[in-house]
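This report is for a reader meeting the structure for the first time. Please look through the sequence and the model before reading on.

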Amino acid sequence: MDIETQKPKVLRLGKWFKRKHKRDGPFHLREVSDGGEDEGDDYLDSVLFRSKEMAPYVSIDELRIFVGTWNVAGRSPIGSLAVDLEEWLNLKDAADMYVLGFQEIVPLKARHVIGAEDPTEATNWNMLIGKTLNNKYGCPWLVPMLNIISSNSYHYAGNPDSRRKKSVSNLNGNPLRERPRNQHDRLNGSGDQYKLIASKKMVGVFVSVWMKSELLKKYCISNVKVCSVACGIMGCLGNKGAVSVSMSIEGTSFCFIVAHLASGEKKGDEVRRNYQVSEIFRRTSFTRSPQNDMSSPPLTILGHDRILWLGDLNYRLCLEDSFARQLIKKQDWRALHEFDQLRREQRDGRVFQGWKEGSIDFAPTYKYSSHNFNCYSGGLPSRSGEKQRTPAWCDRILWYGRGIKQLSYFRSESKFSDHRPVSALFSTQGPSDR
């Protein structure tokens, strides 16, 4: 039988499938346990997967992804921070996706490092982020934000044709449900502009990923999974380490890693940081669906098509403090680059081989004085009790894989903590040819 005579049958099958599996709306959620999906969902996934073989993935239009990292020094998101956050997120030129990484959202004290995870601060940050991103659209995100996504294996899969969404398990194993639209939403067709895709906290390390609602309806966002790797005290506590998100957009896999590495500016401290990077690579994994290996995300970080690594990586400047401050005063960033520890380690092949980073044309982001956030720590002789810290570019954003173009790389000037936020805007489009 030739292809032309098969077309009507394929079209009829597609229409039957849509009627058969139609849901109430694009954000209908069904609970999925951490251990896997039920038999009905496995069958439905196999049908969806076969249908994608008949109808290839939609080519992704240009996606503009804002990536930001910020060590908030254990401070809660209160007071005038909303103004700082709006400036940091650059909403005048809003992106399609926001990947936000934080470090020290709780003080790194024993009760936080050893005790049970408390989602309170992550919830507070997510609520503030949601409020900032959706300021013009009211607050329909408040209910979902109360349940932080923390399962290491969950699935949030959407198909624009079938209008189907699966659930995401939260800390208690309950599905996150979108709150009913109010009368104003129903009458005007309005809603929140950005929705939370994934969120994961490990002690003070935290990642929060958001996407425009219209893109969730346009593209198939699938295989959203999270992972955490603790490699702090004794190599196993979560005061240092990474949280990661894996997801697929129309079949192109993305991985976002938020890391907080070992501190210290003594000679040899970079070896500990390099080791922790290798441990994060080795131990980060995303479980595959047992029924659909071919459509599941990669098991490892480097198995993804497009990878973004951000965080307080804590690499320092290898030069005397007074000389570093002289170069900073002159804004001689090119000279400072020669002493940047991370670039030296990369150049010598000890870490992040093959990874890219944009040109750093801004002042070091760490460490600012707790007495005067306009000055680097130890810069005021009258403050003899404050530890001297050589300024450094501790907060970094790197990427790996084809199909990624960095549009900007900058720091913001919030004085909320002893670190300045660092951000990058990326452009990515089309399926990866990696």
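The sections below describe a sheet, the helices on it, one of its strands, and some backbone details.

The model is predicted. In it, six strands make up an open sheet with mixed pairing, and their order is 5-6-2-1-13-12. Strand 5 (194-202) and strand 12 (404-411) are the edge strands; each has a single partner strand, so one side of each has no neighbour in the sheet. From one strand to the next, the twist averages 15°.

## Strand 6 and its partners

Strand 6 (residues 205-212) runs antiparallel to strand 2 (residues 97-103), and six bridges join the two. Across this pairing, Phe102 has Phe206 as its bridge partner, while Tyr98 stands opposite Trp210.

Strand 5 is also antiparallel to strand 6, with eight bridges between them. Here Lys195 is the bridge partner of Met211. Strand 5 and strand 6 form a hairpin with two residues between them, and Val203 in the turn has a positive phi of about 55°.

## Burial of strand 6

Is strand 6 covered on one face or on both? Both faces are covered: Val205, Val207, Val209 and Met211 are buried on one side, and Phe206, Ser208, Trp210 and Lys212 are buried on the other. Eight of the eight residues of strand 6 are therefore buried, and the strand is largely enclosed by the rest of the structure.

## Helices on the sheet

Helix 3 (residues 81-89) lies across strand 1 (63-71), strand 2 and strand 13 (422-428), and runs at about 135° to strand 1. Helix 5 (residues 120-133) also packs on the sheet, where it touches strand 2, strand 5 and strand 6. The direction of helix 5 makes about 25° with that of strand 6.

## Backbone details in the loops

Ala73 belongs to the loop between strand 1 and helix 3. Its phi is positive, about 55°, although Ala73 is not a glycine. With a relative accessible area of 32%, Ala73 is partly exposed.

The loop between helix 12 (341-347) and strand 11 (395-400) contains Lys367, and Phe352 is found in the loop between helix 12 and strand 11 as well. Phe352 is a residue other than glycine with a positive phi, near 50°. Phe352 is buried, and its relative accessible area is 4%. The peptide bond from Tyr366 to Lys367 is cis, with omega near -5°.

Notes
Residues are numbered from 1 along each chain as its sequence is written. This is a predicted model: local features need pLDDT of at least 70, side-chain atom pairs count only at pLDDT 80 or more; totals for chains, interfaces and linings use all residues. Side-chain values use heavy atoms; hydrogens and water are left out. Two strands pair if DSSP finds at least two bridges between them. Helices (H or I, at least four residues) and strands (E, at least two) are DSSP runs, numbered from the N terminus. Axes are lines fitted to C-alpha atoms, for helices over the stretch in contact, and angles run from 0 to 180 degrees between N-to-C directions. Contact means heavy atoms within 4.5 Å. Buried means under 20% relative accessible area, exposed over 50%, partly exposed in between (1.4 Å probe, protein chains only).
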